[in-house]
Amino acid sequence: MTVKLLAFAASLRKGSLNRKLIHVAAGLARELGAEVDLADFREFEMPIFDGDVLEASGLPPGGQAFRSRIESADGLLIASPEYNYSVNGPLKNAIDWVSKVRPMPFRGRSALLLATAGGVHGGIRGLWQLRIPLEGCGCFVHPDMFPVPRGDQAFTPEGALADHALHTRLRHLIEHYLKAAAALASIRES
Ligand SMILES: Cc1cc2nc3c(=O)[nH]c(=O)nc-3n(C[C@H](O)[C@H](O)[C@H](O)COP(=O)(O)O)c2cc1C
């Protein structure tokens, strides 16, 4: 089967390093046979979660867009910046809005988590925290994650990963994830 992925970097910044990383990952996933919907996180911009707004008018437009793009995919490729050792607020907020929809869009879908940051940890602490709400929403989060340390030096001017070994490791990880995503998608559909 062809695995359909929604890919995005959870950063609104034009110069986002995580956007560079998701472009590399999306390109590799396509090379490996996946159908990739590469989204700009700005398409999913939404206000801070407010239960009264939800009750009065449902999901805001950004939330509706996030929901339908998730529902059209088998899995998610997310490059997520680490903020203060944890999940960044915009992504957590988006997950919170969409988590109120039934059936829950994340349930039964899979996710591969990536991050990059300026420091030596590459955002891995934020990814460990991001697993919690995603798994809480029923998402199969791939056991292996992909942090890229020193993100400010990690990309060539053309946007490739400068370290060839890192690029090869990412390719193998995505190859493995796509097999898992296909198997998990077949369970969801049955
Ligand atoms: C509010 C805030 C908190 C941050 N906290 C961390 C952190 O805990 N660890 C880290 O490695 N970098 C942290 N950073 C730096 C980001 O990793 C860095 O700005 C990164 O480039 C953001 O991702 P982006 O380029 O995709 O927007 C923080 C940045 C912001 C704006």
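F49 counts as partly exposed, at 32% relative accessibility. In this predicted model, F49 forms an edge-to-face aromatic pair with W97, and W97 is buried, with a relative accessible area of 0%.

**Aromatic pairs**

- The structure as a whole holds 7 aromatic pairs.
- F44 and F66 make a tilted pair, with 4.8 Å centre to centre and 40° between the planes.
- F44 sits in the loop between β2 (35-38) and α2 (51-57), while F66 belongs to helix α3 (residues 61-71). The two are 22 residues apart, and their pair links distant parts of the chain.
- F44 has 1% relative accessibility and therefore counts as buried, the limit being under 20%. F66 is likewise buried, at 1% relative accessibility.
- In the edge-to-face pair of F49 and W97, the ring centres are 4.8 Å apart and the planes stand at 65°.
- F49 lies in the loop between β2 and α2 and W97 in helix α4 (residues 89-98), so this pair ties together parts that are 48 residues apart in sequence.
- One aromatic cluster is formed by F8, F41, F44, F66 and F106.

**Strand β3**

- Strand β3 (residues 75-79) has 5 of its 5 residues buried and is therefore largely enclosed by the rest of the structure.
- Burial applies to both faces of β3: one side carries G75, L77 and A79, and the other carries L76 and I78.
- Strand β1 (residues 4-9) runs parallel to β3, and 5 bridges join them. Within this pairing, A79 of β3 is the bridge partner of A9.
- Strand β6 (residues 110-116) also runs parallel to β3 and is joined to it by 5 bridges. Here L77 has L112 in β6 as its bridge partner.

**Largest pocket**

- The largest pocket contains about 160 Å³ of space.
- Its lining consists of S11, R13, S16, L17, N18, P81, E82, Y83, T116, A117 and G118.
- The elements that contribute two or more residues to this lining are α1 (17-31) and β4 (82-83).
- By class, the lining of the largest pocket comprises 4 nonpolar, 5 polar and 2 charged residues.

How values were computed. Residues are numbered from 1 along each chain as its sequence is written. This is a predicted model: local features need pLDDT of at least 70, side-chain atom pairs count only at pLDDT 80 or more; totals for chains, interfaces and linings use all residues. Side-chain values use heavy atoms; hydrogens and water are left out. On a 1 Å grid over the protein atoms alone, a cavity is a set of points where a 1.4 Å probe fits but cannot get out, and a pocket is an open set with protein on both sides within 12 Å along at least five of seven lines; lining residues have an atom within 4 Å of a point. Grid points are joined across faces, edges and corners, and a volume is the space filled by probe spheres set on the points. Helices (H or I, at least four residues) and strands (E, at least two) are DSSP runs, numbered from the N terminus. Ala, Val, Leu, Ile, Met, Phe, Trp, Tyr, Cys and Pro count as nonpolar, Asp, Glu, Lys and Arg as charged, and the others, Gly among them, as polar. Rings of Phe, Tyr and Trp (its six-membered ring) pair if their centres lie within 6.5 Å; planes under 30 degrees apart count as stacked, over 60 as edge-to-face and the rest as tilted. Buried means under 20% relative accessible area, exposed over 50%, partly exposed in between (1.4 Å probe, protein chains only). Two strands pair if DSSP finds at least two bridges between them.
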